[in-house]
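Welcome, and thanks for taking a look at this protein with me. Please have the sequence and the model open as you read.

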Amino acid sequence: MIFLSGILVDLVPFGDRFWANVPEWENGPAAYWASAGERMVLSHATVDRWRQHRQDNDNHGVLSFGMQTKSGTPIGEISLNWVSAHHRSTEIGISIGNPAYWGGGYGTDALLLVVEYAFEWLDLRRIIVETMALNERVQRQMDKTGFTLEARRLSYWYVGSSAWSDTLIYGMQREEWPGRAALVERLGLKPHAAPEA
Ligand SMILES: CC(C)(COP(=O)(O)OP(=O)(O)OC[C@H]1O[C@@H](n2cnc3c(N)ncnc32)[C@H](O)[C@@H]1OP(=O)(O)O)[C@@H](O)C(=O)NCCC(=O)NCCS
């Protein structure tokens, strides 16, 4: 079942095919960037417990999607976290687990799909994305999709090797959203061959 259909990716329920990749994704470089500097070592048993925890807690306030290529290869996850009906806001979390798919527009295609869903279906009015200052891919992604850098907190994340990184908070208000079609055109998002994974 395809929930949201993009140019390079489809967003689908985060089911078995995705969970099967989670140990590899969480023990690889994507987790360092997605968790702002943590280097976890996770067993399959821990990942199973996460899954159970999510199911038991009904994923309260989190709308999580599996991200797959148009040919159906699972590549990551994108979530609307802390969706608040009261404040009409959410924070997006995104991670492409397989680095072969970084820098090819996949994450931006997925981002545009969930921003459209958040503003135009859920009727939210504000979205934020938080990242560490070391994460240049996200900053480029925020700039090119029209998010505003709203805040910087200094020396916030421990990123290893005795170093700390600032945290950056990007936001977009609904009235700033030009619509997905306009951004797809502006960014020139087009289908292209998948990388050698
Ligand atoms: C962040 C992420 C979702 C972005 O998705 P993506 O598909 O890689 O993004 P895009 O390809 O659309 O855009 C990335 C931009 O960063 C640029 N970029 C790639 N590598 C870069 C680098 N090392 N330094 C700076 N910019 C870089 C790309 O050129 C591209 O810009 P362009 O479109 O102007 O060429 C993805 O890279 C990812 O999952 N990374 C690991 C986990 C992570 O960082 N999650 C976010 C936590 S907040």
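## Ground rules and overall fold

Helices (H or I, at least four residues) and strands (E, at least two) are DSSP runs here, numbered from the N terminus. Counted that way, the protein has 7 helices and 8 strands. Please keep in mind that this is a predicted model, in which local features need pLDDT of at least 70 and side-chain atom pairs count only at pLDDT 80 or more, while totals for chains, interfaces and linings use all residues. Residues are numbered from 1 along each chain as its sequence is written.

How does the radius of gyration compare with that of a compact globule? For 197 residues such a globule would be near 16 Å, and the protein agrees with its 16 Å; the radius is taken over C-alpha atoms, and the globule rule is 2.2 Å times the number of residues to the power 0.38. Along the principal axes, the C-alpha atoms fill a box of roughly 45 × 40 × 35 Å.

## Burial and contacts

A residue is called buried if 20 or more other C-beta atoms lie within 10 Å of its own, exposed if 12 or fewer, and partly exposed in between, with C-beta atoms placed from the backbone. Of the 197 residues, 28% count as buried.

Two residues are in contact if their C-beta atoms, placed from the backbone, lie within 7 Å. Among contacts between residues at least 6 apart in sequence, 62% join residues at least 24 apart.

## Helices α5 and α7

Let us turn to a helix pair. The axes of α5 (residues 106–121) and α7 (residues 180–187) come within 10 Å and cross at roughly 165°. Axes are lines fitted to C-alpha atoms, for helices over the stretch in contact, and angles run from 0 to 180 degrees between N-to-C directions. The crossing angle therefore makes α5 roughly antiparallel to α7 (under 35 degrees counts as roughly parallel, over 145 as roughly antiparallel, 65 to 115 as roughly perpendicular and the rest as oblique).

Which residues make the contact? From α5 come T108, L112 and E116, and from α7 come R180, L183, V184 and L187. They divide into 4 nonpolar, 1 polar and 2 charged, where Ala, Val, Leu, Ile, Met, Phe, Trp, Tyr, Cys and Pro count as nonpolar, Asp, Glu, Lys and Arg as charged, and the others, Gly among them, as polar.

R39 sits in the loop between α3 (29–34) and α4 (44–56). Is R39 buried or exposed? R39 is exposed, because 11 other C-beta atoms lie within 10 Å. Leaving out residues up to four places away in sequence, R39 touches Y32 and G160. R39 and F3 are 36 residues apart along the chain, and their C-alpha atoms are separated by 31 Å.

V47 belongs to helix α4 and counts as partly exposed, because it has 19 C-beta neighbours inside 10 Å. With the residues up to four places away in sequence set aside, V47 touches V22, P23, E26 and L42. V22 is 25 residues from V47 in sequence and 7.2 Å away in space, C-alpha to C-alpha.

## Two positive phi angles

W82, in strand β4 (residues 74–84), is not a glycine, yet has a positive phi of about 50°. W82 is partly exposed, with 14 other C-beta atoms within 10 Å.

S161 also has a positive phi of about 50° without being a glycine. S161 lies in the loop between β7 (148–160) and β8 (163–173), and it counts as exposed because it has 5 C-beta neighbours inside 10 Å.
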